[in-house]
Amino acid sequence: MLREERLQYILQKLVQQQRVSSVELSQELNVSDDTIRRDLNELAKDGLLKKVHGGAVPAVPKAPAPLKLTERIAYAQTEKQEIAQKALAVFESGQTIILDNGSTNMLIARSLPPELQVQIFTNSLSIAQILSEHPNVEVHLMGGWIFKRAQVTLGAAVINMIERLRPDLCIMGVCSIHHELGVTTPYWEEALVKQKMTQVSKKVIATAWKDKFNTAETCKVCDYEELDLLITSSQAPTENLSSYLNKGVEIW
C-alpha cells in the first residue's frame, strides 16, 4: 500500500472509530511500527489527528480563548445558572469542600442557602469575597502568588495547604474537557493546583457548560474517569455527551 493510501486509511478509520491503535494499524497495513509512527507523526503535524499513548484520536480544538475573569462572568449566564442550581444538591451541612475558581463556581457560591453550615477552602479571591458574606460558611482562602487574569492564587504554598486536607468534595472549574484526553488547562501552575485538589478529595465534581466539551489545552489536570460527577446544562448537545457515558462518571 502506498503512503498516501495508508494515510487515508488511518483518517477514515479514525472517523469511524474515534481512536486508532498503532499495533492494530501495523498489523492491518502489514507495515512496521516505525512506519506507523512516522505516519501518525505526519498527520499530527498537519493537524489532522492528535497522538495519544498507543495510537491517536481525532484532532481536538482548544476551548474558546480564555478571557479575564471580569469578562467571563457575563458569558453563558443561562447555562452557568442552571449548572449552579444543579450543584446545590451535592452540599450538606458538616462538609469540608474545596471550591475551585471559575465564573460558574462563583454563581454556586452566591447560591448557597443561608442555613448551610460547611467549611470551604478556595484559592479564588472572588469566591472568598462572596462567601465572606455567608452567615454560616467558614471560609479559608488559600494563599499563594496571585494569577491576576483569573483572580486566583497558585504556587507551592497553595499546593502545600491542599496536601494537608481531606475534603469531602472538590468542585472543579473546567477550562476544557475531553472523554479521551481528560480535563486540561492552558496554564501549568493552575494544572498542578487542580491535580492536587483531585488527589486529596473523596469526591471530585466538575462543572462544564457546552463550549467546554471535546476541547483540550496543553496542561493536563486529570483523566476524565477520575471525576465522580460531571454537572452540565441542558444546552449541551446529546452528541457531545454520548462519548462521556458509560465511563464510570455520573452526569447531571
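Is Cys-219 buried or exposed? In this predicted model, Cys-219 has 10% relative accessibility, and buried means under 20%, so Cys-219 counts as buried. Let's look at its surroundings.

## The cysteines

The disulfide count here is 0. Cys-219 takes part in no disulfide, and the nearest cysteine sulfur, that of Cys-175, is 10.0 Å away. A disulfide would need the two sulfur atoms within 2.5 Å.

Cys-222 is likewise in no disulfide: the nearest cysteine sulfur belongs to Cys-170, 8.9 Å away. With a relative accessible area of 2%, Cys-222 is buried.

## A sheet of three strands

Next comes an open sheet of 3 strands, in the order β10-β11-β13, with antiparallel pairing. Its edge strands, each pairing on one side only, are β10 (176-178) and β13 (219-222). From one strand to the next, the twist averages 35°.

Strand β11 (residues 182-185) runs antiparallel to β13, and 3 bridges join the two. Here we meet Cys-222 again, as the bridge partner in β13 of Val-183. Helix α9 packs on the sheet, where α9 touches β11 and β13, and the direction of α9 makes about 10° with that of β13.

## Two helices side by side

Helix α9 (residues 188-200) also packs with helix α8 (residues 156-163), at an angle of about 0° and with the axes 9 Å apart. That angle makes α8 roughly parallel to α9.

Which residues meet in this contact? From α8 come Val-158, Ile-159, Ile-162 and Glu-163, and from α9 come Leu-192, Val-193, Lys-196, Met-197 and Val-200. Sorted by class, the contact has 7 nonpolar, no polar and 2 charged residues.

Conventions: Residues are numbered from 1 along each chain as its sequence is written. This is a predicted model: local features need pLDDT of at least 70, side-chain atom pairs count only at pLDDT 80 or more; totals for chains, interfaces and linings use all residues. Side-chain values use heavy atoms; hydrogens and water are left out. Axes are lines fitted to C-alpha atoms, for helices over the stretch in contact, and angles run from 0 to 180 degrees between N-to-C directions. Helices (H or I, at least four residues) and strands (E, at least two) are DSSP runs, numbered from the N terminus. Angles under 35 degrees count as roughly parallel, over 145 as roughly antiparallel, 65 to 115 as roughly perpendicular and the rest as oblique. Contact means heavy atoms within 4.5 Å. Ala, Val, Leu, Ile, Met, Phe, Trp, Tyr, Cys and Pro count as nonpolar, Asp, Glu, Lys and Arg as charged, and the others, Gly among them, as polar. Buried means under 20% relative accessible area, exposed over 50%, partly exposed in between (1.4 Å probe, protein chains only). Two strands pair if DSSP finds at least two bridges between them.
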